[in-house]
Amino acid sequence: MTSTVAVVDYGMGNLKSVSQAVIKAAEGSGVKVVITQKAEDVFAADRIVLPGQGAIRDCMRELRGSGMLEAVLDAAREKPMLGVCVGMQMLLDHSEEQDTPGLGLIPGTVRRFQLEGRVQGDGSRFKVPQMGWNRVRQELAHPLWTGIPDDSWFYFVHSFYAAPSEARHSAGTTEYGERFTSAVARDNIFATQFHPEKSADLGLALYRNFLHWMP
Amino acid sequence: MLLIPAIDLKDGHCVRLEQGDMSVSTSFGDDPAVMARRWLDAGARRLHLVDLNGAFAGKPVNESAVKAIIKELGNEIPIQLGGGIRDLDTIERYLDDGISYIIIGTAAVKSPGFLKDACTAFGGHIIVGLDAKDGKVATDGWSKLTGHEVVDLALKFQDYGVEGVIYTDIGRDGMLTGINIDATVKLAQALTIPVFASGGLAGIADIEKLCAVEDEGVEGVICGRSIYTGALDFTLAQSRADELLAG
């Protein structure tokens, strides 16, 4: 039986780059990729990818308004699910950004970088959002890290980051003024603050790992 | 979406031209270093410099102003520079001085061999500036229109290993009539390297439209006249772009 992955299109964000990466990762795997605006496709899929960019309040509103919320919550119960960027931030209880409630799937909050006036090692000022490549330290062994060396470089574009209240949900951390959680994991859910779809081969490896993940 | 303030240097001053015409220039400041600091303080993450006299002369002319800007900004943000760069020695000197990206325009079209050599010698530091009107490439400070299709040339340059393409619609530059979004997206879709939009940026609506197509590979926009006249508040515009695109 063919397995299906649904990329959730609720009208917000990096859909094209995520879709392209998932399609590429799925080549030759037998996994069917569906990029969809229909909740029934998400209900029917075996695993889902939840992208997201921009303001979390807008993303939450569109997720509800598009009728995708129920399907995403349904997937979160038992299907392998991969969140990216704001698609990760929405998984937590709450975000400091415009005081926005999240989906409450991972205990904790989403915080903003407080780096005003701080200076980096090379003498330049820290900039928010963090835009560019940075290292991800793997905080726990996880099937999605398979074949990806510890401290690998991934691509980030963000001002906010997840602060899970339980350390066991932090799958990866990154140093930017402070050490923050850059990947979260809980049971059948994995999510990254960085953009695997903009992280070249190792990002593709992560998507590939996700397509074969049997939590 | 990277908003990149442009400082065009003419006779040591910061000017804006209309549609590349050297005789129709407006001066916006006589101290390029002060201008560079102003954009850094406004939140710029990259700076775009053009040696206008250099572009017309075919060799660097405003080098002292460029050095003053590098000195002022230190290593705070990367600087890209174009205008009259036609040989490898000039590229090497500018990179040594602290310029991060060299923009090759006319020379890329007229002597593709030079561009290829530049990419081989200074990989990762070469950006191509393609100026076009109705899909056709222009050269020599826009005074000559060639028969080359933008997309075809850009694909060839991508193969050489250029880091990105700045696409300028010369029918619009300095006119505040709005970015040519469709042509920019068409180019970005054809390429895998980043495309930077340029020419005609009018206001915040353009920024929002560009953010909507960022995922196609439009990674930034050159901000010229609009941020000097106040049609666009640079700081607010960059914040708006971050709000739309960052997590």
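A crossing of two helices is left-handed if the near helix is turned anticlockwise from the far one by less than a right angle, and right-handed if clockwise. Helices (H or I, at least four residues) and strands (E, at least two) are DSSP runs, numbered from the N terminus.

This is a predicted model: local features need pLDDT of at least 70, side-chain atom pairs count only at pLDDT 80 or more, and totals for chains, interfaces and linings use all residues. Residues are numbered from 1 along each chain as its sequence is written, while chains are lettered from A and ligands numbered from 1 in the order in which they are written.

View 1. The model has an ipTM of 0.84 and a pTM of 0.90. Chain A brings 21 residues to the contact between the chains, and chain B brings 12. Two residues are in contact if their C-beta atoms, placed from the backbone, lie within 7 Å. The chain B side that touches chain A has 6 charged, 3 polar and 3 nonpolar residues. Ala, Val, Leu, Ile, Met, Phe, Trp, Tyr, Cys and Pro count as nonpolar; Asp, Glu, Lys and Arg count as charged; the others, Gly among them, count as polar.

**View 2. Helices α1 and α6 of chain A.** Two packed helices are described by the angle between their axes and the distance between the axes. Helix α1(A) spans residues 15–26, and helix α6(A) spans residues 200–211. They pack at an angle of about 65°, with axes 9 Å apart. That makes α1(A) roughly perpendicular to α6(A). Axes are lines fitted to C-alpha atoms, for helices over the stretch in contact, and angles run from 0 to 180 degrees between N-to-C directions. Angles under 35 degrees count as roughly parallel, over 145 as roughly antiparallel, 65 to 115 as roughly perpendicular and the rest as oblique. The crossing of α1(A) past α6(A) is right-handed. From α1(A) come A21(A), V22(A), K24(A), A25(A) and A26(A). They meet G203(A), L204(A), Y207(A), R208(A) and L211(A) of α6(A). This contact has 7 nonpolar, 1 polar and 2 charged residues.

**View 3. Helices α1 and α3 of chain B.** Helix α1(B), residues 32–41, packs on helix α3(B), residues 63–73, at about 40°. Their axes are 8 Å apart. The two helices, α1(B) and α3(B), are therefore oblique to each other. The crossing of α1(B) past α3(B) is right-handed. On α1(B), the contact uses P32(B), A33(B), A36(B), R37(B) and L40(B). On α3(B), it uses A65(B), A68(B), I69(B), E72(B) and L73(B). By class, the contact of α1(B) with α3(B) has 8 nonpolar, no polar and 2 charged residues.

**View 4. Helices α6 and α7 of chain B.** Helix α6(B) covers residues 112–121, and helix α7(B) covers residues 150–160. Their axes come within 9 Å and cross at roughly 35°. P112(B), L115(B), K116(B) and C119(B) of α6(B) make the contact with K156(B), F157(B) and Y160(B) of α7(B). Those residues divide into 5 nonpolar, no polar and 2 charged.

View 5. V137(B) sits in strand β8 of chain B, residues 136–139. V137(B) is buried, with 23 other C-beta atoms within 10 Å. A residue is buried if 20 or more other C-beta atoms lie within 10 Å of its own, exposed if 12 or fewer, and partly exposed in between; C-beta atoms are placed from the backbone. Neighbours within four places in sequence aside, V137(B) is in contact with V109(B), L130(B), D131(B), A132(B), T146(B), H148(B), V150(B) and L153(B). G147(B) is 10 residues from V137(B) in sequence. Their C-alpha atoms are 6.9 Å apart.

**View 6. Backbone details in chain A.** Most residues other than glycine have a negative phi, and most peptide bonds are trans. C85(A) has a positive phi, near 60°, and is not a glycine. C85(A) is in the loop between β4 (81–84) and α5 (86–89) of chain A. C85(A) is buried, with 32 other C-beta atoms within 10 Å. D151(A), also not a glycine, has a positive phi of about 65°. The loop between β8 and β9 (152–158) of chain A holds D151(A). D151(A) is exposed, with 11 other C-beta atoms within 10 Å. The peptide bond from V128(A) to P129(A) is cis, with omega near 5°. P129(A) lies in the loop between β7 (106–112) and β8 (130–138) of chain A.
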